Amino acid sequence: MPSPVIGCAVDTHAHVFRQGLALADVRRHTPDYDATPAEYLALLDAHGLTHGVLVQPSFLGTDNSHMVQALRAARGRLRGVAVVAPEISEAGLQELAEAGVAGIRLNLIGLDLPQLDMPAWRTLLARINALGWHVELHLQAARLPDILPRLLSAGCRIVVDHFGRPDPALGTSDPGFHYLLQQADNGRIWVKLSAPYRNWPAAACAASGRLATQQLLQAYTPERLMWGSDWPHTEHRHLASYPAATQWLDAWLDRPEQRRIVLADTPLRLFQFQGDKP
């Protein structure tokens, strides 16, 4: 996939890890392979992408040290989205920011919603806002009405993962997906076009992803959409690959101006890449 503009194209969703790292006590997946920063950077190079965003995988919990090491080694080419405990200190957040972290992730698949009205959460969200970070959400579309208003009322900017995770049986007819479309007017939500295989059968990823993309484009415009490869496609490696991810993008977005905004303008700004050169 060639860069949409000279020197600028961003993959906003990937994970790095290796076997032997300390794992979270509560986790849905335990990988039996490595996904190294060197492999990821080589994939970016091979597909004409200049920057990437590393998202802390849920199975590593709040120990972001492996991701931070990769961010520091990449000299500004990568940004990060961390998983943190609400009690994290101001110094801890500053350390993450200095390494290149630009947001925190709430991966709530299979988990209860956090108690955002508790003092520790209120303090954390205020600190996140002060840093200019965002909160990345990963949960089923049906649960979005239970948490989006609370984050918006806290003044947060929000990134919704993987098309909003509509129910595979309902697709874009999912009421939760319709709810997501209706939230576009507030101007503080972004959506990632990524991991279609988490929402639809593999054979439908191109067509169903295009239908969802068109609806999201109409509601959110390209200025608040981004693309991510979801490499290394944890739990779905048998269905996906990096070339497939770029081919799906080609099926979803065929207008050069839209591609430029989704792949470059929007993520470069949101993830605070300004001034960094790979």
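The largest pocket is lined by 24 residues, and Val-26, Ser-58, Val-83, Asn-107 and Leu-111 lie nearest its centre. A pocket here is an open set of points on a 1 Å grid over the protein atoms alone, with protein on both sides within 12 Å along at least five of seven lines, and lining residues have an atom within 4 Å of a point. The model is predicted, so that local features need pLDDT of at least 70 and side-chain atom pairs count only at pLDDT 80 or more, while totals for chains, interfaces and linings use all residues. Residues are numbered from 1 along each chain as its sequence is written, and side-chain values use heavy atoms, with hydrogens and water left out.

The volume of the largest pocket is about 530 Å³, a volume being the space filled by probe spheres set on grid points that are joined across faces, edges and corners. Strand 4 (residues 101-107) gives the largest share of this lining, four residues; strands (E, at least two residues) and helices (H or I, at least four) are DSSP runs numbered from the N terminus. The pocket lining divides into 14 nonpolar, six polar and four charged residues. In this scheme Ala, Val, Leu, Ile, Met, Phe, Trp, Tyr, Cys and Pro are nonpolar, Asp, Glu, Lys and Arg are charged, and the others, Gly among them, are polar.

One cavity of 30 Å³ or more is found in the whole structure, a cavity being a set of points where a 1.4 Å probe fits but cannot get out. The largest cavity holds about 140 Å³ of space. Its lining consists of 15 residues, with Arg-28, Ser-58, Arg-105, Asn-107 and Thr-234 nearest the centre, and divides into two nonpolar, eight polar and five charged residues.

His-15 is found in the loop between strand 1 (10-14) and helix 1 (37-46). Its relative accessibility is 5%, so His-15 counts as buried (under 20% relative accessible area with a 1.4 Å probe, protein chains only). The His-15 side chain reaches the backbone oxygen of Val-55 at 2.7 Å. Beyond neighbours within four places in sequence, residues in contact with His-15 (heavy atoms within 4.5 Å) include Ala-35, Arg-105, Asp-230 and Trp-231.

Seven aromatic pairs are counted, with ring centres of Phe, Tyr or Trp (its six-membered ring) within 6.5 Å. Phe-163 and Trp-252 form an edge-to-face pair (planes over 60 degrees apart), at 5.1 Å centre to centre and 90° between the planes. Phe-163 lies in the loop between strand 6 (158-160) and helix 6 (175-182) and Trp-252 in helix 8 (residues 242-252), so the pair ties together parts 89 residues apart in sequence. Both Phe-163 and Trp-252 are buried.

Terms used
Buried means under 20% relative accessible area, exposed over 50%, partly exposed in between (1.4 Å probe, protein chains only). A polar contact is a pair of N or O atoms within 3.5 Å; within protein, one must be able to donate a hydrogen and the other to accept it, and residues adjacent in sequence count only if both atoms are side-chain atoms. Rings of Phe, Tyr and Trp (its six-membered ring) pair if their centres lie within 6.5 Å; planes under 30 degrees apart count as stacked, over 60 as edge-to-face and the rest as tilted.
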